[in-house]
Amino acid sequence: MVLNKLLQLFGVGKKKKRKDSKKKGKSINPVSQGAAPQSTLNILASKSVLDPCSSGASTVLSLQKDEPGCSSNISSMIKEVNGSENEDHKLFNQFDVVQDYSDHHYAKTSPGKTTKDWAKTIQNEWKLLQRDLPESIYVRVYEDRIDLIRAAIVGPAGTPYHDGLFFFDVCFPPEYPRCPPKVHFHSSGLRLNPNLYESGKVCLSLLNTWLGSGSEKWGKSNSTMLQVLVSIQGLVLNDKPYFNEPVIFSSKEKHSLGYNQTAFVLTCKLMLYLLQKPPKHFETLIVCHFHERERAILEACRAYASGMVVGSSVKDGRTYLRNKCFAGFKKSLDAQAELLAKELAANRLRAVELKREVPAADKTMFP
């Protein structure tokens, strides 16, 4: 069997999921790194006022892009008081082989007629993912359907997507790698980015679903699934997604700021949906991820509702002008944060249950 040969070649077949991860996640900042810990009150100290709605002049934000990760300047203040961060994420391997693909978007899509070269190409993709995945991307492949992949991407720091989890289902067509993989975003019906549609469509040059030239487009000899995942994380889930729009009606920074407000509220809503109905094989990741980042997420909600610019750092101390637009954002965020806080509290109990199931030797992973 081609499958058995594949699994034997890179040693990931039919093995039990280990409790420990091969890679330790970085301690990172959901809003921006580098600022010294400050009190929560200092978060609201504003040196300049930014208005995403009015036509008046405003200071243009320059948001530093950091690597995705777990804790923020906000959460670092909590860590000062409460000790070191959780390391629950170590319970979940970044790459693993699983069996049940019944909830995969492409589960009912027939693999079609394939070749040994096709299988070998996918074998190489598995090897590359297993070896080189960034610490903020998690992948599951399927033992009985090697044409399918599911990936979870952690939202990058310094963006409105920080601390979120974003899921993508992938299918390698029979023509692969002559044509790119098919990628579907688990949107839950939300449009939180110009490149990620409610339907699940992912608009990206590398997938040939958007305009591009040269190396921007898929190349059968040099493009990989790893590049696709990294591109989604870095180019799609960026700090100013408003400017991803194919047609920009206004280049004013105020519209970008307003878009970030909406994107963050929708990211919180997506967090809620994931906690309520996690995708198969990622239940442990979702419990551990949101248990570890619960305080940082809720602190960010409070800071943004108090006026701090979404995705900016504590050090910047920038706030919005309090007008009708900000009032609408605050109302939406407060309502979403209340629902999210309740679900995160329930998730805390799930984390306790998970801790009880962990072998005694591995309980050092929990604080």
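Student: The charged end of which residue sits over the ring of Phe282?
Tutor: This is a predicted model. A charge counts as over a ring if CZ of Arg is within 6 Å of the ring centre and within 35 degrees of the ring normal. Here the charged end lies 5.8 Å from the centre of the Phe282 ring. The residue is Arg140.

Student: Which residues does Phe282 join in a cluster of ring pairs?
Tutor: Ring pairs do the linking here. Along with Phe282, the cluster holds Phe92, Tyr138 and Phe167.

Student: At what distance from the ring centre of Tyr197 does Arg191 lie?
Tutor: Arg191 lies over the face of the Tyr197 ring. Its distance from the ring centre is 4.1 Å.

Student: How many aromatic pairs are there?
Tutor: Two rings pair if their centres lie within 6.5 Å. By this rule, the count is 13.

Student: Is the pair of Phe326 and Phe329 stacked, edge-to-face or tilted?
Tutor: The ring centres are 6.0 Å apart, with 55 degrees between the planes. Stacked needs under 30 degrees, and edge-to-face needs over 60. So the pair is tilted.

Student: Why are Phe326 and Phe329 separated by about one helical turn?
Tutor: Both residues belong to helix α7, residues 324–357. They are about one turn apart because their spacing along α7 is three residues.

Student: Are Phe326 and Phe329 buried or exposed?
Tutor: Under 20% relative accessible area counts as buried, over 50% as exposed. Both Phe326 and Phe329 are buried.

Student: How are α3 and α4 oriented to each other?
Tutor: Their axes come within 9 Å and cross at roughly 45 degrees. Roughly parallel needs under 35 degrees, and roughly perpendicular starts at 65. So α3 and α4 are oblique.

Terms used: Residues numbered from 1 in each chain as written. Predicted model: local features only at pLDDT ≥ 70, side-chain atom pairs only at ≥ 80, totals over all residues. Heavy atoms only, no water. Helix = DSSP H or I, 4+ residues; strand = E, 2+ residues; numbered from the N terminus. Buried < 20%, exposed > 50% of the residue type's maximum accessible area, 1.4 Å probe, protein only. Axes fitted to C-alpha atoms, helices over the stretch in contact; angles between N-to-C directions. Parallel < 35°, antiparallel > 145°, perpendicular 65-115°, else oblique.
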